[in-house]
Amino acid sequence: MPWESIKLNSGYNIPSIGFGTWTLGNGQGPIDQVEQALDNGYNHIDTAQSYRNEGETGIALKESGLSRSDVFVTTKYSGTNSLDIPTSIRNSVNSLGISYVDLYLVHSPRLAVPDIPTCWAQMEKVKEDGLAKSIGISNFGVQDMEILVASAKIKPAVNQILLHPYVYRQQKPILEYAAKNGIIIEAYSALIPITKLPGGPLDKPLKEIAAKFGATPEQILLAWTKAKGAVVVTTSSKKTRLQGYLAAGDITLSPEDIAAIDAAGALGEKKANIKTILKRVVVGAIACTAVFGACNFLGISMM
């Protein structure tokens, strides 16, 4: 299925769809689900220090019987337990039961302590020491990337960000900056318009396009994400859905399809912003009413 690998600026290839462990928790559940993903053809597993299931991911990798070179493994520095990067990466590879990860990410710019250049120098050392084949970032905005690139000896290979049609316009500057600097975008939570925000402007075009391809709306969203040049990180506990996500790699959307999804996404973003503003106004009004009421009770004039 044509989820082709993408060449990173580090010279290594990253599979363009990965199975994420963010929502899996720990215990036997994530072990079973990672094993299921591997059994169904996912050769890219994405975890993180803060997900607290690197150990379970490692067990699944071992029990799969696959050789180390058969699976692309990503984990992230999340600042868990206030541990530094050198300590965290060694703990991560030990938990995963492997000698290196294929990709190591700084989970957020707020973890770049005391500053981004110092943090990134530590990440470069991780690569130099052979503990990660490629290094990258997650949730970094344009300004964060500009600071990083200005001092970097090694550019980040990827920036993993929230990406779906309802946030595409606000995330577009990140995609554009990344493209200009040879940084691949990874997209997480691509299915949020369906899983968390149903009933929005995207429902109609997704259903219409899905009907045309004999596909599901979820597959169309993944095909849209792929069309934006992003690596997809997704998850499901259901085998049929995992297989469907892989099948989405066969879908090539037309420019008209993509434009329709973009337009509906922008409309949904505007509606979401209006709802947010209205919510803030209502909360503010309630707060003001409470203040006026208290002042009247205490005999304090607000005029």
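Ser82 sits in the loop that runs between strand S5 (72–77) and helix H3 (85–96). In this predicted model, Ser82 has a positive phi of about 60 degrees, even though it isn't a glycine. That's worth a second look, because most residues other than glycine have a negative phi.

Arg52 is another residue to check. Its phi is near 60 degrees, again a positive value in a residue other than glycine. Arg52 is found in the loop between strand S4 (44–46) and helix H2 (54–64).

Pro114 brings in a peptide bond instead. The bond joining Val113 and Pro114 is cis, with omega at about 0 degrees. As a reminder, most peptide bonds are trans. Pro114 itself belongs to the loop between strand S6 (101–106) and helix H4 (116–128).

Now for the strands. Taken in the order S3-S4-S5-S6-S7-S8-S9-S10, 8 strands close into a barrel, and they pair in parallel. On average, neighbouring strands of this sheet are turned by 30 degrees against each other, with direction ignored. In general, strands of a sheet pair through backbone hydrogen bonds, either parallel or antiparallel.

Strand S9 (residues 184–188) lines up with strand S10 (residues 231–234) in the parallel sense, over 3 bridges. Which residue in S10 is the bridge partner of Ala187? That partner is Val232.

Methods
Residues numbered from 1 in each chain as written. Predicted model: local features only at pLDDT ≥ 70, side-chain atom pairs only at ≥ 80, totals over all residues. Heavy atoms only, no water. Pairing = 2+ DSSP bridges. Helix = DSSP H or I, 4+ residues; strand = E, 2+ residues; numbered from the N terminus. Axes fitted to C-alpha atoms, helices over the stretch in contact; angles between N-to-C directions.
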